[in-house]
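Student: I've got a model open and I'd like to learn how to read it. Can we go through it together?

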Amino acid sequence: MIRSMTGYGRMDEVKGSTRLTVEIRAVNHRFSEILVRLPKAWSMLEDPVRKLVSQFVRRGRLEVTISMETIQATSAASINWTVAEQFVSLTREIDQRFSLETVLTARDVLLFPGVLHTKEIEEANGDEIVEWLLSRVDEAAQDLLTMKMAEGKQLYADLMRRLSQVSAWIGEIQQLAPLSVEEYHSRLHQRLSDWASQAPFELDMGRVAQEVAFFADKSDISEEITRLESHCHQFVEQLEKEEAVGRKLDFLLQEMNREANTIASKANHLRIQHLAVEIKSELEKMKEQVQNVE
């Protein structure tokens, strides 16, 4: 099933004091191109990230943006209550001995040596961060793929609907084609016969009949119809493939448009020419859609 080239994937997670955000944006591009933006400290992961994301895309331009943000302090504080009580007790003894009135505040107690202890919160090591980062990139790429496949289903339905209409018009042209040749042959033969009857010299009617047949044969569009039908079948086959088919679909549409042009120019029949124009118009709309197929 075809997939869209455009899409968006995101994964956001907090671990310890760090928030990790991964965003992947995909847009149309003729080939496959993956740009990776990482925090400077983790720039060495650019290639692993690119290789990981490339497993989820077949064509298009992708921008992978990864950011890390510290969201809280990385240290914890605790109070040694035994030491604090000793300092407060000693202060009161000094007040009694020397008749003092010392006013202690919580801030004063916390400033006593050994009362307040701070301890750095253990952070994840480098290997853990690498594993964490790559796993989140994988999830963001999965999110992107889900969106691309959903849009691909819509593209598939639209292209099949339009192709069905084109096939119906081709069928109508196929029915009209023999009548077109016969009508053209009859009109051409009649005109030449009328002219011959008024000519001041005698014409070789056998030769005239050969020339009429030759020009009538040039208006035959059966080969163009056959090729157009073949291209339609190939188009459906490509839509069903699990690979990048956007460029092949675009080529097929170019060939189909070429055949429609030839039919319009060769067929000396008003209805066939009108149908050929309708086919070309629908092919142009399909081409716009195919530009978004991976």
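Predicted model: local features only at pLDDT ≥ 70, side-chain atom pairs only at ≥ 80, totals over all residues.

Student: Is Ser 4 buried or exposed?

Tutor: Buried means under 20% relative accessible area. Ser 4 has 0% relative accessibility, so it counts as buried.

Student: Which residues does Ser 4 touch, leaving out those up to four places away in sequence?

Tutor: Ser 4 touches Lys 148, Glu 151, Gly 152, Leu 155, Asn 292 and Glu 294. With Asn 292, there is a side chain to side chain polar contact of 3.1 Å. The side chain of Ser 4 also has a polar contact with that of Thr 6, at 3.1 Å.

Student: Now the sheet. What is the order of the four strands?

Tutor: The general idea is that strands of a sheet pair through backbone hydrogen bonds, either parallel or antiparallel. Here the order is 1-2-4-3, in an open sheet with mixed pairing. From one strand to the next, the twist averages 10°.

Student: How many bridges join strand 1 to strand 2?

Tutor: Nine, and the two strands run antiparallel, with strand 2 covering residues 18–27. As one example, Met 11 has Val 22 in strand 2 as its bridge partner.

Student: And what does helix 1 touch?

Tutor: Helix 1 (residues 46–54) packs on the sheet and touches strand 2, strand 3 and strand 4 (60–70). The helix 1 direction makes about 140° with that of strand 3.

Terms used. Residues numbered from 1 in each chain as written. Heavy atoms only, no water. Pairing = 2+ DSSP bridges. Axes fitted to C-alpha atoms, helices over the stretch in contact; angles between N-to-C directions. Contact = heavy atoms within 4.5 Å. Buried < 20%, exposed > 50% of the residue type's maximum accessible area, 1.4 Å probe, protein only. Polar contact = N/O pair within 3.5 Å; in protein donor to acceptor, adjacent residues only side chain to side chain.
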